Amino acid sequence: MGSEGEGVFHMVDVSLITSGPRRAMLRTDDDVRIEAVYEPSPASVTDTAVVVAHGFTGSADRPAVRRAARVFAERGAAVITFSFRGHGASGGLSTLGDREVLDLAAAVRWARELGHARVATVGFSMGGSVVLRHAALARETDGRADAVAAVSAPARWYYRGTAPMRRLHWVVTRPAGRLVGRYGLRTRIDRRAWDPVPLSPVEAVPLIAPTPLLIVHGDRDAYFPLDHPRMLAGAGEAELWLERGMGHAENAADEELLARIGNWLTRA
C-alpha cells in the first residue's frame, strides 16, 4: 500500500451520466475510477457542498450513507457521496485509509468544479481517518476542505485493543480473511503492507488548523475506545463531541446527531 504522490490531488476525468442528481465516475491522481453521486439540496440555503466519506466495507449506496446524505441535504447543503477504492462500483483495491485520500480529493475537486465555493468533508471510521489526513495534506491547495468532521475515527494505526479490531486485522492481513472481505463483505483489499506507513490521524490533526475541525465519538464504540477521540482532540485545535449511548460510525449515528453535524458543517 504505497504512499507515493499522496501530496498531489487532482481529478483527471469526470463523466456525468444523469441530469439533476448526478452519478459520475471520477478518476484519481493514481488512475483509479471512483463512483460518486452529487445531490443538490432541495432546500438550498448555503453554497456549501458536503462530501461524505464512508467507513470500511461501506459504499455510496449503503442505507446508512444514503440516510446521512439525506439529512445533510435537509440542512441546506449539496451532498457528494462516493465509494472508496475497492468498495461498491469503484475500481482498485482498498488500502485501509492510505491512498483513499486521493479518492476523497477527487470528490472534493468535483464539488469545486460544480461551482461550490465552500466544501466540507465528513468521514466515518476509516473515512474519518481519511478526512483528517486529507485536511492536513491538502490544506494549501484548491482541493482543500473548508470544514472537517471525523466521526468514530481511530487516532493511531495498527490498533488491536478490541475484539472487532482484532477481527478486522484478520480480514486484512490473512489470505482467507481477504476472501471473506471480497465475497462476504464485498470489499476488495490490497494484500500489500503499507510502504511507507502513511501519516497517522493524530499526526495529521496539528496540521489542519485554521480549518475548523470537529471530532465526534460514541461512548459505546466497540472498535475504538474514548482515548482515541480524546487523543485526536488534544493534538490540535478541535471541537469534541462525546455522544452518550452511541456505537460506531454511520450505522450508529441517528438523525438527530446527523442533523447537528450537518448544521456544524454548514456554519463552521
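Y38 and W110 are both buried in this predicted model. The two residues form an edge-to-face aromatic pair, with 6.1 Å from centre to centre and 65° between the planes. Y38 belongs to strand β3 (residues 33-39) and W110 to helix α2 (residues 100-113), so their pairing ties together parts that lie 72 residues apart in sequence. The structure holds five aromatic pairs. Elsewhere, W157, Y158 and W194 form one aromatic cluster.

Helix α3 covers residues 126-137, twelve residues in number, and reaches 17 Å from its first C-alpha to its last, close to the expected 16 Å. This helix is mostly covered, with eleven of its twelve residues buried. Among the buried residues of α3 are M126, V130, L132, R133 and H134.

Two further residues may be set side by side by their relative accessible area.

| Residue | Relative accessible area | Class |
|---|---|---|
| E243 | 13% | buried |
| V180 | 37% | partly exposed |

E243 is placed in strand β9 (residues 239-243). Since buried means under 20% relative accessible area, its value of 13% puts E243 in that class. Apart from its neighbours within four places in sequence, E243 is in contact with V216, H217, G218, D219, L257 and R260.

V180 lies in helix α5, which comprises residues 175-184. Together with W170 and L185, V180 makes a nonpolar surface patch of about 230 Å². At 37% relative accessibility, V180 is counted as partly exposed.

How values were computed: Residues are numbered from 1 along each chain as its sequence is written. This is a predicted model: local features need pLDDT of at least 70, side-chain atom pairs count only at pLDDT 80 or more; totals for chains, interfaces and linings use all residues. Side-chain values use heavy atoms; hydrogens and water are left out. Helices (H or I, at least four residues) and strands (E, at least two) are DSSP runs, numbered from the N terminus. The expected span of a helix is 1.5 Å times one less than its number of residues. Buried means under 20% relative accessible area, exposed over 50%, partly exposed in between (1.4 Å probe, protein chains only). Contact means heavy atoms within 4.5 Å. Patches are made of residues with over 30% relative accessible area and no salt bridge: like charges are joined within 9 Å, nonpolar side chains (Val, Leu, Ile, Met, Phe, Trp, Tyr) within 5 Å. Accessible areas come from the Shrake-Rupley method with a 1.4 Å probe; for residues, only the protein chains shown count as cover. A salt bridge is a side-chain nitrogen of Lys or Arg within 4 Å of a carboxyl oxygen of Asp or Glu. Rings of Phe, Tyr and Trp (its six-membered ring) pair if their centres lie within 6.5 Å; planes under 30 degrees apart count as stacked, over 60 as edge-to-face and the rest as tilted.
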